[in-house]
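Hello! Please open it and keep it beside you as you read.

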Amino acid sequence: MGVEEEFLLVDPVSRALRADAEKVVAEAVGELGGRVGPELTRYQVETRTDPHTSLADLADQIRATRRTLARAAARRGVRVVSSGTPVTAPAGPPPLTDDPRYARSAALFRALDDEQIACACHIHVGVPDLATALGVSNHLRPWIPALIALSANSPFWAGRDTGYASWRTTTWGRWPVAGPPPYFESTAHFEDLVGGFLGTGAVMDPGGLYWDVRPSHHLPTLEFRAADATGTADDTVLIAGLVRALAATALRAVEAHEPAPRPAPELLRAACWRAARDGLAGELVDPVTGRLTPALPYVDGLLAHVGPALGRGGDADLVHGAWAHLRRHGGRADAQRAAYRRRGNPDDVVDHLIDLTALPDVP
């Protein structure tokens, strides 16, 4: 498995976004090499881990990478923030990274790109082939709402509380091919869909399939894309561990020819909306039964579902420890709101996120 994390760059005095991605990447590349790069806008940078089989080793690299990036940014006079959306953002289109693909995207999708100053955490898990990836995806679909709630970390946009725990999830849902993936009947079904999207211009290329779970177009992996950029490295480790355990559990079901649950796509979409709105503080819709369940015991059920896989992978202690912390203290969207309530000042939210992103030892 491997992880991609996206970060925002902010000014430490004004707390406004800074379009300094090129400078920060140039500063960090000496230590991180190809594991750091630009993103869609010049307000963002992305880091990538190496492939790992050990969750503990992955955790060490995530923590070290965050510290390295934060120090590199500080040397360039900016700070790094891990949040699904910026707390404040200027009006109008953001400055795009100088890349032909991003210019094409702006020309094709127009104002959809204007609010894509959004950051996610993407988890890749290795799969042997496309057929297996699609079978695992089918089994993962019902758990997408729980993982959205678990990772929700984007309540603010343009200086105001949106009322959503994950506003990033909501903004991404406007793209033509986004949200929960379809149930795939076969590889031919998948390829026919992708061909149709390409033929109609709904996506520029296979990289524009923005489903919450998708086969990677350039790696032998299944990519989970539903998580907001997480508050801490431990949050990222929690999501990575759960996604790998879900994939491992699903793989056993695929190999045993067990049918995947097939929630109605309309109900699954509604369940994702509810999870994005309320996060861990509310109730989740079980997309299979349609019933509402308090989020915390629902996530407990997710951990029970993948318990055997966590045990086989040696990941149980790390995952249960990170979940216990979130369960006790509340989700990251709630923490952002608590920072705001202290003085009613969005600057305090930015400072909270700066401190949280690169803990424990970055000045």
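The lining of the second largest cavity divides into 3 nonpolar, 4 polar and 2 charged residues (Ala, Val, Leu, Ile, Met, Phe, Trp, Tyr, Cys and Pro count as nonpolar, Asp, Glu, Lys and Arg as charged, and the others, Gly among them, as polar). A cavity is a set of points on a 1 Å grid over the protein atoms alone where a 1.4 Å probe fits but cannot get out, and lining residues have an atom within 4 Å of a point. This is a predicted model, where local features need pLDDT of at least 70, side-chain atom pairs count only at pLDDT 80 or more, and totals for chains, interfaces and linings use all residues. Residues are numbered from 1 along each chain as its sequence is written, and side-chain values use heavy atoms, leaving out hydrogens and water.

This second largest cavity has a volume of about 40 Å³ (the space filled by probe spheres set on the points, which are joined across faces, edges and corners). Among its lining residues are Leu150, Asp235 and Arg332. Helix H5 (144-151) and helix H8 (233-255) each supply at least two lining residues (helices are DSSP runs of H or I, at least four residues, and strands of E, at least two, numbered from the N terminus).

The largest cavity has a volume of about 70 Å³. Of the 13 residues lining it, the closest to its centre are Val10, Leu17, Pro86, Val87 and Val350. Strand S1 (2-10) and helix H14 (346-357) are the elements that give two or more residues to this lining. By class, the lining has 9 nonpolar, 3 polar and 1 charged residues.

Happy exploring!

How values were computed: 1 Å grid on protein atoms, 1.4 Å probe; cavity = no way out; pocket = protein on both sides within 12 Å on 5 of 7 lines; lining within 4 Å.
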